[in-house]
Amino acid sequence: NDSEFAQYLSAVMFYKKSNFKKVNEVLEFLKNANFDIKFKDVLTHLDPSIFFCYQTEYEESSLMLRDELMAALTTLNQRSRLPLKLEESHRPGDTPLRVSSTLLRKLRRSLIFVADGTTILSLGSHPPQLFPSSKVCVELGYALHCKRSEQLLVAQMERKEVPGQFPFDLTLEQKLVFETQADLHKLLLPALENKLKQFNLV
């Protein structure tokens, strides 16, 4: 328990001048304890998954993202402490979006939330206002509420025919802008690796 460990630490530090090996043991213990706490947090409160919020209005970008997410997971799973899986939104045709408890639970318990924030329309203003899919906005809004900022990644395919200003104020670490699938292939895996470092899985 904590009191026993405190006594052990005090005794070790008392003899530190004559026994450096014990001090090193304590330092190694503290490092491993921090590692295990983060790992147990993943097992207890989160699922080893990446949640992909896609859209169907400009399908090209979401198809690219899905392909590259699957490729990235294949690479990550070669060295991940837990097998990572891909969870996705549910888009049943043209029916209204139903934010089911199952969907929200998968989103909430995922390690990383990845949204396709590619523009589907622009409204004339100065500058023009860009709009992603309304269904993406609903899920992104919930993710912004329930997840830490370092767990979010909004990917946006640049569409030169639709210029304007993106409506969400995101940090550089929260967004990924690409033009081609080659760009996405180069950028997505490092971005995911950087976000997964916080969980000590890769």
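Tutor: A residue is called buried under 20% relative accessible area, exposed over 50%, and partly exposed in between. Please bear in mind that this model is predicted. Lysine 85 has a relative accessible area of 43%, so this residue is partly exposed.

Student: With which residue does the side chain of lysine 85 meet in a salt bridge?

Tutor: A salt bridge requires a side-chain nitrogen of Lys or Arg within 4 Å of a carboxyl oxygen of Asp or Glu. The partner of lysine 85 is glutamate 87, at 3.5 Å from N to O. Glutamate 87 counts as buried because its relative accessibility is 15%.

Student: How many salt bridges does this rule give?

Tutor: The count is 6. One of them joins arginine 109 to aspartate 47, with 3.1 Å between the closest N and O atoms. This pair links distant parts of the chain, 62 residues apart: arginine 109 belongs to helix α4, and aspartate 47 to the loop between α2 and β1.

Student: Is arginine 109 buried or exposed?

Tutor: Arginine 109 has a relative accessible area of 17% and is therefore buried, whereas aspartate 47, at 22%, is partly exposed.

Student: Where is tyrosine 58 found, and which residues does it contact beyond its neighbours within four places in sequence?

Tutor: Tyrosine 58 lies in the loop between β1 and α3. Its relative accessibility is 18%, so tyrosine 58 counts as buried. Beyond those neighbours, tyrosine 58 is in contact with Thr118, Ile120, Met157, Arg159 and Glu161.

Definitions and conventions: Residues are numbered from 1 along each chain as its sequence is written. This is a predicted model: local features need pLDDT of at least 70, side-chain atom pairs count only at pLDDT 80 or more; totals for chains, interfaces and linings use all residues. Side-chain values use heavy atoms; hydrogens and water are left out. Helices (H or I, at least four residues) and strands (E, at least two) are DSSP runs, numbered from the N terminus. Buried means under 20% relative accessible area, exposed over 50%, partly exposed in between (1.4 Å probe, protein chains only). Contact means heavy atoms within 4.5 Å.
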